[in-house]
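Here is a quick walk through one protein model, written with the coordinates open beside you. Have a look at the structure first, then read on.

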Amino acid sequence: MGNIVIQLKRRIQSLCFYCAVGASLIACNDTKEIQTTIVTVPDAKASTNAYYPGNKAPLQPSTLIKLPVGDIEPHGWMMEYLQRQKNGLTGRLNEISAWLQKENNAWLDENGQGEWGWEEVPYWLKGYANIGYILDDEDMVEEAKIWIDGAIASQQPNGFFGPNLAWESYMAEDSRTEERMAEKLEKRDYWANMIMLYCLQSYYEYAKDERVIDLMTKYFKYQLEVADKNFLSETQYWQRVRAGDNLHSVIWLYNRTGEPWLLDLAEKIHRNTAPWNKTGHDFEDIGNPKEIREGMEWPDWYNDMIDWHNVNVAQGFREPAQYYLVSGNKKDLQATYDNFHLVREHFGQVPGGMFGSDENCRPGYDDPRQGVETCGMVEQMNSDEHLLRITGDIFWADHAEEVAFNTYPAAVAPDFKSLRYITSPNMVLNDSENHSPGIDNPGPYLMMNPFSSRCCQHNHAQGWPYFVENLWMATPDNGLAAVLYAANTVTAKVGSKGGEVTITNRSNYPFEDTLNFEIKMETPDEFPLYFRIPGWANTASIGVNGSPVKVELEAGKYVRVNREWNTNDVVQLVLPMELDVTTWEQNHNSVSVDYGPLTFSLKIGEKYIQKETEKNVQHDSKWQKGANVEEWPSYEIHPTTPWNFGLLLKENLQASFEVERKPWPKDNFPFTPESTPIVLKAKAKKIPGWTLDEYGLAGELSDSPVKTKTDEETVELIPMGAARLRISAFPVIGEGNEAKVWE
């Protein structure tokens, strides 16, 4: 891989201690040999991790290996976020959601009989249970175990488990016919069970309960016996496009039991899954609802992906890469990259890492005012984390952070008691009105609502706990890799002796560029630590115990630091944040502004207007019996300041913006306009012709540069994740012959 190896021998003299974030590091008396290597990915073929289960042969070897849930404890703003989830919608959803009431719940019945038997319980449990495990919260763990025990107890003699008949929750009563019921019993819907299998795996990691292995073994033997014509049937839409999750669980079990027949099931799942690894589909085989802008013809590229529903894309696009672990065919792996880039080429020419699909991608609707579901955001983060483990490619880590820091935070209210179904890069009004066809679906899909919508109401929960679980990963050479960054403490087995190391990352990343890693261990041992150098970090540096390591770090690669580590050793990684402007040529030459991993939006005054939730919910929302409705209001957010600005940019980019640092928020929550610790100041002009359109949305962009006669003003830009009203893709102001008046 063209690795650079540098042998450094030096005598480090002084006392080792760490005072505070940003303090200088002073090293202890020792003589240590440090081997520093720049690698594209950890070497998966040279060795196998001795302590954590990676891929067994004949699967492709594991590049990175997930640590058990609970081994990583968050700190700082990440801990504050999980606490807000616990005290907000995630932690209390079982008090208000009809699907989570225990009475007559099919997920708690030994025979799988009852109501509320579809995706909502496991969607919620993925996040709720894992927050409990991460926080070691006894009440949450006990509540989660009620649902885990119910799922395990529901297993039937033939191996099937869970609700016996799961009607799609959005299906109208008059559509639930006996004919449809007979079809569903013959061609079962495995989608909800795919989600519950995630929950069971997390529970096994936490509790080592062998009942999980037994259940999954019997269930997968059952699936192996189902005839292909009845397995992952097209008559059950969601399971077929999302069956990569089923494949993931089969591989997970194979890596723990080594049963060869599981590889036969993996092949069976792949051949019955929607063909995400192929292009040139027949138009009628693409299953999502289809719409195109009036006056356009269907483009050929639309037939190159099997589904364009935003959540299906965010989950399903990775299936070929998951199957690559079985096939070993690099064309399968490449198909996942191709899927990712195809959707972003045509619908993702916007900041924030996502794409315009509210809820389906529609040719002709690609402006930054198009949005994506909250479900789509958290599923994209989950997919990025899967692909990071499969490939080791830093591209996926960078993208996970891009979505996590810039798009996901603004989808949820700061108190985490309500959320939006749709969030867009350019979003200047959140109200309870219908914005269709500007937004795909008719209904109040833009306001902050505890029931917005049934799917996102439950599925939002996984975003942050899964992110925490993937901050560190084990490596094949018995080391650890810091792959995503946020303050945390990890405890894991490493080295030749299998001793435990505890590493604490003290930082306010992504709002600060210095990360300090303090090591604690009982016995010295030699093992490698890998640190990801993000693709945007062009001048990164690293030091050990206060002394710089003389190695040229490369953006988009890892630095592997191998030595005999001892307690109180400290590694300091510095990732200098630099201003950068991205020009979205395919979206009218609009621009977005980045500072390190953060993208910035116009600061717009936000006025929250409380509304009655019951009068502003989607058609399939349902309250739990006895829920205190008044405790869970909804909110519109209206702008109180102008938003229709274009930026004035100078050739010298640094001269176009002023970076202002503010004190760290006392409540440890930097994702609001008032609390963000970084603000950019820029010169801008209002564009009078840029207004709300007939659908109540920010008008679509016109070509930049834009000519306007308004006065120059100074505006403030704040991190995109802190801006629940935002302009993130800006027009550019110009005066030359190329500049045009806004149309």
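## Ground rules

Helices (H or I, at least four residues) and strands (E, at least two) are DSSP runs, numbered from the N terminus. The model is a predicted one, so to speak of its limits: local features need pLDDT of at least 70, side-chain atom pairs count only at pLDDT 80 or more, and totals for chains, interfaces and linings use all residues. Residues are numbered from 1 along each chain as its sequence is written, and side-chain values use heavy atoms, with hydrogens and water left out.

Let's start with phi. Lys208 sits in the loop between helix H6 (191-207) and helix H7 (211-225), and its phi is near 55 degrees, a positive value in a residue other than glycine. Asn478 also has a positive phi, near 60 degrees, and is not a glycine either. You'll find Asn478 in the loop between strand E8 (472-474) and strand E9 (480-482). At 15% relative accessibility Asn478 counts as buried (buried means under 20% relative accessible area, exposed over 50%, partly exposed in between, with a 1.4 Å probe and protein chains only).

Now for omega. The peptide bond joining Ser436 and Pro437 is cis, with omega about 5 degrees, and Pro437 belongs to the loop between E7 and H16. Another cis bond runs from Ser704 to Pro705, with omega near 5 degrees. Pro705 is in the loop between strand E25 (678-686) and strand E26 (706-707).

## The loop between E7 and H16

Pro442 is in the loop that links strand E7 (426-427) to H16. Is Pro442 buried or exposed? Its relative accessible area is 53%, so Pro442 is exposed. Leaving aside neighbours within four places in sequence, Pro442 is in contact (heavy atoms within 4.5 Å) with Asn434 and Ser436.

Not counting residues up to four places away in sequence, Met447 touches residues including Leu419, Arg420, Asp431, Lys611, Tyr635 and Glu636. Met447 and Val378 are 69 residues apart in sequence, and their C-alpha atoms are 19 Å apart in space.

Gln462 lies between helix H16 (454-459) and helix H17 (463-469), in the loop. Its relative accessible area is 1%, so Gln462 is buried. Setting aside neighbours within four places in sequence, the contacts of Gln462 are Lys126, Gly127, Val378, Glu379 and Asn382.

Trp623 is in the loop between strand E21 (606-611) and strand E22 (634-639). Trp623 and Gln101 are 522 residues apart along the chain, yet their C-alpha atoms are separated by 9.6 Å. Beyond four places in sequence, Trp623 touches Ile96, Ala98, Phe451, Thr613, Glu614, Val629 and Trp632.

## H3 against H4

Helix H3 (residues 120-135) and helix H4 (residues 138-153) pack at an angle of about 145 degrees, their axes 8 Å apart. Axes here are lines fitted to C-alpha atoms, for helices over the stretch in contact, and angles run from 0 to 180 degrees between N-to-C directions. Among the residues making the contact are Trp124, Tyr128 and Ile131 of H3, along with Met140, Ala144 and Trp147 of H4. The residues of this contact divide into 12 nonpolar, one polar and two charged (Ala, Val, Leu, Ile, Met, Phe, Trp, Tyr, Cys and Pro count as nonpolar, Asp, Glu, Lys and Arg as charged, and the others, Gly among them, as polar).

## Cysteines

How many disulfides does a search of the whole structure find? It finds zero, a disulfide being a pair of cysteine sulfur atoms within 2.5 Å. Cys361 is in no disulfide, and the nearest cysteine sulfur, that of Cys456, is 15 Å away. Cys361 is buried, with a relative accessible area of 0%. Cys375 is in no disulfide either; its nearest cysteine sulfur, again that of Cys456, is 3.3 Å away. Cys375 counts as buried at 1% relative accessibility.
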